[in-house]
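Welcome, and please take a moment with the model before reading on.

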Amino acid sequence: MDSKSVKEFIRKEVPDWDYELIATARFKAFSGQKSDWEPKFQFWKNLIVKIARHFGVFIISPPQVKNEWFNRGGLTPLCIDHVLFIMYNEGEITRISDMVGPYSGRITQLFYKVKSLMDRSTMSPESILLEDCLILTTLLKEKADEVIKCLSESHWNSYCVVTRNKFESMCGGQKEGYAVLSYLSGCRKGRYLSTTKKELIEGIKVSLSSAVVSGVSSLDFDTLHLIWTQEKLQQQLDVIDRRWEMSRQSALALLKSGNKKLALRHAKEMKLGTENREKCNSLLNRVEEVLSVIANAESTKQVTEAIQIGAQVIKENKISIEEVQLCLEELEESIDSQKQVEKALEPAPSLDMEDEDIEEEFRKLELEIGSGNLKDLNPEAGVSDSEGTDQSLADVLLNLKLADDAPGSGSAIQNSGLPAKNKESNSPMLEAA
């Protein structure tokens with residue numbers, strides 16, 4: 001967070017921030033009577049939360065808050081330490097050291113709980129400013145809900161397993177991931193799991209429904225291993241794509257300078273990169289297929305369990321099949337009636353565009369397509385366009401007639417095409433299994 005951006009935001013939120021008399025009163029220390037400083041406390045507390053929410057953070061640094069956020073011409077609020085201390089006592093702020101370590105065992109977690117209770121009794125307004133970071137509990141809950149919502153959009157089951165690296169990237173960093181997982185663990189909505197497959201693989205199991213997260217099973221460990229492999233293969237594909245593009249740019253530059261032999265060398269590297277990418281992509285598709293089968297099997301299992309529960313309820317309440325069928329028919333009629341009402345309330349679409357406007361758009365598109373055609377590369381005169389095209393590079397290398405090319409085989413670049421870009425992954429680069 002840039003302190004300049006924070007100050008600009010403060011001036012928008014607090015129009016009288018630069019008024020000397022009002023600012024002097026706000027920057028004073030708290031008096032002895034709570035009724036005197038309660039409005040001032042509410043002002044500073046709300047402002048801190050607004051700034052953090054606006055910039056998308058829930059971990060703040062007390063020294064930064066006092067000396068950078070609210071620094072006004074060298075003057076800092078004398079009451080800010082008491083503001084943070086009161087927020088800490090009221091549970092609106094917590095220290096990261098007070099949170100239960102989500103990556104440790106139960107005995108270690110109990111030890112941390114006892115230690116945090118002992119440390120809490122020694123806290124003072126002066127000592128809270130010495131903390132490296134404090135967590136705004138309200139924004140922490142909002143961030144946890146945001147992560148669960150994001151995971152729910154890509155998972156259909158009531159829970160999901162993700163790698164630790166992906167979870168931390170979704171939270172905003174390692175420290176943020178630690179705080180979010182600690183909160184989810186306390187709510188029994190998240191659980192840490194790890195397994196060793198030649199190297200340590202860490203993951204998080206998160207409940208995407210209102211129910212608590214279930215215990216870790218062997219299927220969860222296998223799923224974690226597959227997801228870890230998927231992310232690793234995706235990272236390898238990204239590296240291959242970057243190297244392929246670098247070889248392509250180098251070949252174009254060398255071709256422009258007239259160094260045809262070295263350009264052909266980069267063209268061969270492009271072909272080799274394309275072959276490696278096909279192998280890696282084939283393995284990635286197999287892993288994704290297995291993950292899809294597991295997800296479908298889990299969904300089928302949940303549907304089967306729901307059918308069994310429904311049948312049991314019908315049997316226990318002595319409800320006949322005819323009554324169930326009648327209820328379903330009434331429900332379907334209600335849905336159809338609702339759709340008819342919604343359709344009747346929809347406003348008629350307005351078509352303001354005339355035929356001349358459509359024809360004008362077509363003419364613009366034709367002009368853009370015509371002007372987008374690039375000139376062919378000329379091996380004698382160099383490259384006419386700085387970017388070039390793959391086909392132009394292929395045509396030139398085809399006419400080189402070097403000794404190492406077999407007759408009629410064509411250039412190596414003809415067999416390589418720009419690889420399609422796969423979905424991005426925020427996980428770090430890992431070695432192949």
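The report below starts with the ground rules and then walks through the fold.

This is a predicted model, in which local features need pLDDT of at least 70, side-chain atom pairs count only at pLDDT 80 or more, and totals for chains, interfaces and linings use all residues. Residues are numbered from 1 along each chain as its sequence is written, and side-chain values use heavy atoms, with hydrogens and water left out.

Let's begin with an open sheet of 3 strands, ordered 1-3-2 with antiparallel pairing. Strand 1 (59-60) and strand 2 (93-95) are at the edges with a single partner strand each, so one side of each has no neighbour in the sheet. Strands here are DSSP runs of E with at least two residues, helices are runs of H or I with at least four, and both are numbered from the N terminus; two strands pair if DSSP finds at least two bridges between them. Strand 2 and strand 3 (residues 134-136) are joined in the antiparallel sense by 3 bridges, and Ile-93 sits opposite Leu-136 of strand 3.

**The cores**

Which residues have the most contacts inside the largest nonpolar core? They are Trp-44, Ile-48, Phe-70 and Phe-167, in a core of 56 residues. Such a core is a set of buried Ala, Val, Leu, Ile, Met, Phe, Trp, Tyr and Cys residues joined through side-chain atoms within 4.5 Å. Buried means under 20% relative accessible area, exposed over 50%, and partly exposed in between (1.4 Å probe, protein chains only). Another core, of 7 residues, lies apart from the largest one and includes Cys-280, Leu-284, Val-287 and Leu-291.

**The aromatic pairs**

The structure holds 12 aromatic pairs. Rings of Phe, Tyr and Trp (its six-membered ring) pair if their centres lie within 6.5 Å; planes under 30 degrees apart are stacked, over 60 edge-to-face, and the rest tilted. Two pairs are set out here.

| Pair | Centre to centre | Angle between planes | Kind |
|---|---|---|---|
| Phe-30 and Trp-37 | 4.9 Å | 15 degrees | stacked |
| Tyr-103 and Tyr-178 | 6.0 Å | 55 degrees | tilted |

Phe-30 is buried at 16% relative accessibility, and Trp-37 is buried at 13%. Tyr-103, by contrast, is partly exposed at 22%, and Tyr-178 is partly exposed at 22%. Tyr-103 lies in the loop between strand 2 and helix 6 (106-120) and Tyr-178 in helix 10 (residues 174-186), so their pair ties together parts 75 residues apart in sequence. Finally, ring pairs link Trp-17, Phe-27, Phe-43, Trp-44, Trp-69 and Phe-70 into a cluster.
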